[in-house]
Amino acid sequence: MPEINRVAWIGRALIVGRGGLGTALADELQRRQPALDVMLCGRTLGTADDWLVDLESSQSLEALSQRLLEDPQPLRLVINATGRLHGGSLSPEKRLQQVCTDQLMESFAINAAGPLLLAKAIEPALKRDRLFHFASLSARVGSIGDNRSGGWYAYRGAKAAQNMYLRSLSVEWARRFPLATVTMLHPGTTDTALSKPFQNFVPPDRLFSPQKAASFLLDVLLEQTAEQSGRFLAWDGQEIPW
């Protein structure tokens, strides 16, 4: 039976990212672990109870860190469910001549630096003797070994960088917080705004609703232990090559 499901966890859980998948993860986690106080965090507030967290704002991350230090509840689980593939000035590149500096930096800021800076912000609230999970949504297209089609330079590169950052984080936390588990998760193609322009290329049985993807991801995440920290896993639990 999954480790986290053997007992009722009591404390604080944060889902960072108010998109379709982040919202579904918060709902499903609360259903599975009713003793957890699950907070949905984002750049905007959905309800008065939500927390405002902007991964591209140092002031917002500092405020989060202070809020967690003052929180009477122990921090037990944090999932980064943010990500940006397109929108605004961003569009996945099909060839080299479409690459530009601004898009590379924008993708890097949210898809690579964001998860690491989130980990930095929540670290002061961690304890050596407390079980804790930190997970972040990565993507199979960020796998260097699995790249067979090329293109999507900014998004691929940023997700690959995230994987390296969080793998390094898992090594450090194994020494400093031996009960902490770091996991990178590929959710598969989920029916959200992020994947909408590309869904025509996905078989119907591989296009997951946010609720289904959230259930798959929690099945995988909540089976992980500190001894397995630093893994890059797909929605079905399969290891993805770096």
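**Figure 1. Helices α1 and α5 pack against each other in the predicted model.** Axes are lines fitted to C-alpha atoms, for helices over the stretch in contact, and angles run from 0 to 180 degrees between N-to-C directions. In this predicted model, the axes of helix α1 (residues 20-32) and α5 lie 8 Å apart, at an angle of about 55°. Angles under 35 degrees count as roughly parallel and 65 to 115 as roughly perpendicular, so α1 is oblique to α5. The crossing of the pair is right-handed. On the α1 side, the residues in the contact are Gly20, Leu21, Ala24, Leu25, Glu28, Leu29 and Arg32. They meet Pro210, Gln211, Ala213, Ala214, Ser215, Leu217, Leu218 and Asp219 of α5. By type, the residues of this contact are 9 nonpolar, 3 polar and 3 charged.

**Figure 2. The whole chain, shown for orientation, has 5 helices and 9 strands.** The order of these elements along the sequence is β-α-β-β-α-β-α-β-α-β-β-β-α-β. The protein has 242 residues, and 50% of them count as buried. Among contacts with a separation of 6 or more, 70% join residues 24 or more positions apart.

**Figure 3. Helices α3 and α4 run roughly parallel.** The axes of α3 (residues 101-122) and α4 come within 8 Å and cross at roughly 20°. That angle makes α3 roughly parallel to α4, because angles under 35 degrees count as such. α3 passes α4 in a right-handed crossing. Residues of α3 in the contact include Gln103, Leu104, Ser107, Phe108, Asn111 and Ile122. From α4, the contact includes Ala154, Tyr155, Lys159, Tyr165, Leu169 and Trp173. The residues of the contact of α3 with α4 divide into 16 nonpolar, 4 polar and 1 charged.

**Figure 4. Helix α2 packs against α3 through a contact with no charged residues.** The axes of α2 and α3 come within 8 Å, and their crossing angle is roughly 35°. This crossing is right-handed. Leu61, Leu64, Ser65 and Leu68 of α2 make the contact with Leu117, Leu118, Ala121 and Ile122 of α3. Of the residues in the contact, 7 are nonpolar and 1 is polar.

**Figure 5. Ser60 is a buried residue of helix α2.** Helix α2 covers residues 58-70, and Ser60 is found in it. The relative accessibility of Ser60 is 14%. Buried means under 20% relative accessible area, so Ser60 counts as buried. Leaving out residues up to four places away in sequence, Ser60 touches Leu52, Val53 and Asp54.

**Figure 6. Trp173 belongs to the largest nonpolar core.** This core has 58 residues, and those with the most contacts inside it are Ile122, Phe134 and Trp173. Helix α5 (residues 210-221) gives the most to the core, with 6 residues. In soluble globular proteins, nonpolar side chains tend to be buried together. Neighbours within four places in sequence aside, Trp173 is in contact with Ala119, Ile122, Glu123, Leu126, Phe132, Phe134, Pro178, Ala180 and Val182. Ile122 is also part of the contact of α3 with α4, and of the contact of α2 with α3.

**Figure 7. Pro178 lies in the loop between α4 and β6.** The loop has α4 (153-176) on one side and β6 (180-186) on the other. Pro178 has a relative accessibility of 33% and therefore counts as partly exposed. Apart from residues up to four places away in sequence, Pro178 touches Arg128, Trp173 and Ala226. The C-alpha atoms of Pro178 and Ser229 are separated by 9.7 Å, and the two residues are 51 residues apart along the chain.

**Figure 8. Trp152 has a positive phi although it is not a glycine.** The phi angle of Trp152 is about 50°. Trp152 is found in the loop between β5 (132-137) and α4. With 23% relative accessibility, Trp152 counts as partly exposed.

Figure 9. Setting aside neighbours within four places in sequence, Ala13 is in contact with Leu29, Leu36, Asp37, Val38, Met39 and Leu77. Leu29 also takes part in the contact of α1 with α5. Ala13 and Val78 are 65 residues apart in sequence, and their C-alpha atoms are 5.7 Å apart in space.

Note on methods:
Residues numbered from 1 in each chain as written. Predicted model: local features only at pLDDT ≥ 70, side-chain atom pairs only at ≥ 80, totals over all residues. Heavy atoms only, no water. Helix = DSSP H or I, 4+ residues; strand = E, 2+ residues; numbered from the N terminus. Buried < 20%, exposed > 50% of the residue type's maximum accessible area, 1.4 Å probe, protein only. Contact = heavy atoms within 4.5 Å. Parallel < 35°, antiparallel > 145°, perpendicular 65-115°, else oblique. Left-handed = near helix turned anticlockwise from the far one by under 90°. Nonpolar A, V, L, I, M, F, W, Y, C, P; charged D, E, K, R; others polar. Core = buried A, V, L, I, M, F, W, Y, C linked by side-chain atoms within 4.5 Å.
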